[in-house]
Amino acid sequence: MSPNITVSDSELEILEVLWAADHALNAAEIRTILTEHKNWERTTILTLINRLVKKGAVAQEKREVYYYTPCIKREAYVRAETKSFVDKFFKGRTKSLAAALVDSDALTKKDIEELRDFFNQNLWLNENGGISMEHLIII
C-alpha cells in the first residue's frame, strides 16, 4: 500500500479488524467482528473490502473463499496519516500542532507531564532526521 492512498472512515474500520487479527480473514469473519459495534449489511462489507483491494490497501488470496490481509502495517499507516495531517494543517511544523493542542485545552496537565516523560525517555537522533535531546525544549 502506498502511503499516498487514502481510505474512508468505513474502510479504515475494515483495516482495523485486519490489523487486530494479525492473520488473514475472510469476509464472513470480518463481518462477525464488525457486528459487535456496526450494523452493516454483508454487501456493504464486501463493497468496502473490494474498494480496499482496488486501492492496494488489502491483498486477497483465493482459498475455499477469499481471504484478506492488509498491505501495510498499522504503525506505517498512522505515521503516513499523521504526516499528511501535520503537512496539511500545520505546514509540516509539529511544533505548531503541539501549540494548537495546548491552546485548545486538548491536553491536560497530566497529558503534558506524560508527554514530557515520554520524550525524555525515548528521544535520540536517528538517521531519519529524528530529534536529539539537545534540540528539544520540553514544556
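Mentor: Let's begin with a term: buried means under 20% relative accessible area, exposed means over 50%, and partly exposed is in between, with a 1.4 Å probe and protein chains only. Helices (H or I, at least four residues) and strands (E, at least two) are DSSP runs, numbered from the N terminus. In helix 1, Glu11, Ile14, Leu15, Val17, Leu18, Trp19 and Ala21 are buried. This is a predicted model, where local features need pLDDT of at least 70 and side-chain atom pairs count only at pLDDT 80 or more, while totals for chains, interfaces and linings use all residues. Residues are numbered from 1 along each chain as its sequence is written, and side-chain values use heavy atoms, leaving out hydrogens and water.

Trainee: Why does tryptophan 19 count as buried?
Mentor: Its relative accessibility is 14%, and the cut-off for buried is under 20%, so tryptophan 19 counts as buried.

Trainee: What makes tryptophan 19 and tyrosine 77 an aromatic pair, and which kind is it?
Mentor: Rings of Phe, Tyr and Trp (its six-membered ring) pair if their centres lie within 6.5 Å; planes under 30 degrees apart count as stacked, over 60 as edge-to-face and the rest as tilted. Here the centres are 5.8 Å apart and the planes make 40°, so the pair is tilted. Tryptophan 19 is in helix 1 and tyrosine 77 in helix 4, 58 residues apart, so the pair links distant parts of the chain. Tyrosine 77 is buried too, with a relative accessible area of 7%.

Trainee: And why is phenylalanine 85 called partly exposed?
Mentor: Phenylalanine 85 has 38% relative accessibility, which means partly exposed.

Trainee: How do you know that the length of helix 1 agrees with what it should span?
Mentor: The expected span of a helix is 1.5 Å times one less than its number of residues. The 13 residues of helix 1 should span 18 Å, and its end C-alpha atoms are 19 Å apart, which agrees.

Trainee: What makes lysine 62 lie over the face of tyrosine 66?
Mentor: A charge sits over a ring if NZ of Lys or CZ of Arg is within 6 Å of the ring centre and within 35 degrees of the ring normal. Lysine 62 lies over the face of tyrosine 66 at 5.1 Å from the ring centre, and arginine 63 lies over the face of tyrosine 67 at 4.2 Å.
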